[in-house]
Number of protein chains: 2
Amino acid sequence: MPQSDFLFSIGKRLSETTAAGEGLHGRTGTITTPHGEIQTPAFIAVGTKATVKAVLPESMKEAGAQALLANAYHLYLQPGADVLDEAGGLGKFMNWDGPTFTDSGGFQVMSLGSGFKKVITMDAAAASEHAGADDRVAVGKERLAHIDDDGVWFVSHLNGDRHRFTPEISMQVQHQLGADVMFAFDELTTLMNSRGYQEESLERTRLWAERCIAEHERLTTERADKPYQALFGVIQGAQYEDLRRKASRDLGAMNFDGFGVGGALEKENLGTILGWCADELPEAKPRHLLGISEPDDLFTGIENGADTFDCVSPTRVARNSAFYVPDGRWNLSNARFKRDFTPLMEGCDCYTCTHYTRAYIHHLFKAKEMVSATLISIHNERFVIRMVDDARAAIEDGTYFDLKAEVLGRYYAGAR
Amino acid sequence: MPQSDFLFSIGKRLSETTAAGEGLHGRTGTITTPHGEIQTPAFIAVGTKATVKAVLPESMKEAGAQALLANAYHLYLQPGADVLDEAGGLGKFMNWDGPTFTDSGGFQVMSLGSGFKKVITMDAAAASEHAGADDRVAVGKERLAHIDDDGVWFVSHLNGDRHRFTPEISMQVQHQLGADVMFAFDELTTLMNSRGYQEESLERTRLWAERCIAEHERLTTERADKPYQALFGVIQGAQYEDLRRKASRDLGAMNFDGFGVGGALEKENLGTILGWCADELPEAKPRHLLGISEPDDLFTGIENGADTFDCVSPTRVARNSAFYVPDGRWNLSNARFKRDFTPLMEGCDCYTCTHYTRAYIHHLFKAKEMVSATLISIHNERFVIRMVDDARAAIEDGTYFDLKAEVLGRYYAGAR
């Protein structure tokens with residue numbers, strides 16, 4: 001299929017609908033993929049191993065999920081990208097007929113090796129949620145990944161086997177996985193790396209981006225019978241304005257369908273860094289912000305020009321019985337919920353809140369019943385998806401900053 | 001509500017629709033409860049702790065489940081029967097609007113104490129499935145239950161607290177749980193007990209049955225604003241014909257709404273023992289066979305007059321990746337399923353088989369993803385429910401023994 005099967009059209013710009021939006025890159029839009037449209041800004045739910053943990057795809061659709069994101073590293077190791085290819089691609093394999101994304105696996109390959117943690121979230125507990133449960137095996141162990149100019153040697157966290165990822169292999173794997181949106185293979189750095197190393201790494205990521213595009217174009221031609229898969233470049237550059245701007249200009253000039261903004265982002269600088277990138281990137285292409293779901297981060301991302309986001313938090317915290325309400329994130333294991341026959345959140349339109357009480361799910365969690373993770377995950381996904389949906393509507397009708405003040409004021413005042 | 005809200009009407013007798021049914025007690029029928037009808041014979045799915053493990057209620061409905069059975073022992077300990085009462089009863093608590101059953105908890109109270117195992121199933125592995133996962137904590141530990149004429153002292157498997165169940169307490173607990181069908185509190189014996197002990201125990205169970213009815217009638221009057229809950233007596237007597245017949249006559253003469261046949265049943269004698277009971281019990285009342293789901297046991301139960309069955313096996317074996325096909329029970333963890341893009345069972349109409357492949361669920365199981373238990377459980381429940389539904393239809397149209405020969409011939413030839 002031709003590249004024109006992937007389209008992005010801008011709806012309203014935040015700077016057009018409200019005076020306070022002056023100078024900001026926020027906008028609404030529509031991403032069109034071979035498997036349907038995504039109205040942006042949109043929260044993309046994560047199904048790392050081709051399943052949203054504990055939740056069936058129909059429940060995700062009912063929760064308002066427009067697209068799902070899986071992980072190339074995990075699926076490459078198990079069951080193998082060729083299995084998904086033979087199955088007809090990620091969406092068909094997992095019974096999800098909407099748009100799909102795959103992360104390149106670069107983050108997992110390298111974070112497993114260095115004990116790296118993203119530092120974009122509000123606290124240490126939340127930060128740890130960004131690393132997969134499996135990722136934690138790396139903590140305190142020998143370095144499992146080795147980076148050279150050609151690619152990365154890494155060791156499977158499953159069985160210790162040695163594997164090689166290069167930009168070409170990542171593209172081959174992601175073409176086999178068959179998602180609508182793929183990410184280029186990039187090197188991740190941390191805030192601890194020296195300025196000199198950041199420059200060296202950024203140049204490597206630039207060269208890898210060119211190789212990703214070349215291999216992607218070759219594979220797109222070779223597999224012309226398959227639906228077109230869009231490729232997003234990934235902007236690195238840590239906390240350095242000149243590096244972020246350079247990376248955005250360099251990759252922005254390449255034939256990418258969109259861009260991811262990744263790497264080491266301090267929470268306080270998230271909006272500033274994203275703004276630098278959006279300044280330089282071509283406005284007509286979508287931008288994805290990797291690993292974000294905290295309300296303040298979402299609003300920061302949206303107003304600074306991110307169109308899509310993904311994060312594992314809604315399901316991860318659910319498995320520990322944490323649920324979102326407008327007043328913050330609460331823990332359902334607390335004994336005060338034992339006889340609380342109200343829904344997780346008053347007024348919530350999700351399946352869980354319209355059919356179950358806190359008392360019931362508290363009981364399930366205490367009884368170690370799997371359905372507790374299912375029910376809380378559905379609510380949490382709906383909560384975050386709806387928040388981003390609300391922000392989209394508010395950009396359209398010029399009330400974005402009113403919504404932001406109301407949501408964040410209540411959320412961070414009430415968290416307990 | 002009045003007792004007449006619980007009704008049983010016989011449809012066709014097996015002895016009427018086929019010559020080979022002569023002398024057998026099998027029949028079809030309809031049980032009417034305040035929460036709807038059950039077409040019998042029917043397989044009642046088990047949701048021990050007010051949840052079918054890993055499966056949402058809507059999925060159970062879609063799988064054809066007509067009713068669910070929960071356990072009074074587990075719910076008494078956690079979250080407490082009063083919590084369910086306050087929630088509006090078991091069905092409302094767990095979002096199941098159809099008929100519900102509760103087991104009396106007698107089995108769990110006593111099996112936790114003695115390491116008792118039912119021996120009605122085909123092999124040791126299957127037999128162990130009848131004991132709850134939590135029940136296994138009793139193995140090799142000191143005896144946790146002590147029986148006297150008034151009731152049972154037992155120790156919570158959760159925290160070691162000492163508790164007392166008597167016939168009256170069991171009725172109070174089950175009235176609070178609020179299921180449509182409850183079971184009388186009985187003493188379980190094993191095949192290892194002496195004839196003398198069986199007689200002594202059976203007399204105790206008879207006296208307890210009278211006390212259950214008295215307390216049940218008192219509670220029904222006291223809670224007249226609640227939907228009527230039916231009470232089934234439980235027939236014990238181990239392998240002894242005279243004891244089974246006596247128990248059936250004794251309890252059959254009491255004001256029970258139906259009967260459960262329980263206790264120590266050797267697989268080879270299941271039909272014979274059930275036949276003795278059905279000979280003596282009032283024909284116009286329904287009979288429940290506790291803890292049965294193997295195909296041969298189901299057919300034996302159905303033709304010998306059992307109207308309903310329950311068993312945890314479909315979900316328990318699913319969590320170990322075992323799934324039913326017409327040729328037996330297979331294990332999906334086998335590597336041969338890695339690239340098997342067919343459904344769990346060709347032609348199966350369940351949600352799992354119409355949306356997923358063996359390859360996908362094999363991957364989920366290997367990846368330790370919860371959704372594997374969900375998907376296999378849905379299929380297994382549907383498989384057993386459909387088998388009993390097919391038997392019901394076959395009784396109606398006179399083809400029961402043809403169906404039985406076909407199903408069992410294939411199943412036990414093909415099991416691997």
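Colleague: What is the handedness of the crossing of α8(B) and α9(B)?

Modeller: The crossing is right-handed. Keep in mind that this is a predicted model.

Colleague: Which residues in α8(B) meet α9(B)?

Modeller: P167(B), E168(B), M171(B), Q172(B) and H175(B) do. Their partners in α9(B) include W208(B), R211(B) and L219(B). The residues of this contact divide into five nonpolar, four polar and four charged.

Colleague: Turn to chain A. Where does UniProt place the feature "binding site"?

Modeller: An unreviewed UniProt entry places it at C348(A), C350(A), C353(A) and H379(A).

Colleague: How do you know that they gather at one spot?

Modeller: They span 32 residues in sequence. Yet no two of their C-alpha atoms are more than 8.3 Å apart, so they gather at one spot. C348(A) touches C353(A) and H379(A), among others. C350(A) touches H379(A) and R382(A), not counting residues up to four places away in sequence.

Colleague: Why does C348(A) count as buried?

Modeller: Buried means under 20% relative accessible area. C348(A) has 7%, so C348(A) counts as buried.

Colleague: And C350(A), buried or exposed?

Modeller: Buried, because its relative accessibility is 2%. C350(A) lies in the loop between β16 and α14 of chain A.

Key:
Residues numbered from 1 in each chain as written. Chains lettered and ligands numbered in written order. Predicted model: local features only at pLDDT ≥ 70, side-chain atom pairs only at ≥ 80, totals over all residues. Heavy atoms only, no water. UniProt positions renumbered as here; feature names shortened; annotations may be inferred. Buried < 20%, exposed > 50% of the residue type's maximum accessible area, 1.4 Å probe, protein only. Contact = heavy atoms within 4.5 Å. Helix = DSSP H or I, 4+ residues; strand = E, 2+ residues; numbered from the N terminus. Left-handed = near helix turned anticlockwise from the far one by under 90°. Nonpolar A, V, L, I, M, F, W, Y, C, P; charged D, E, K, R; others polar.
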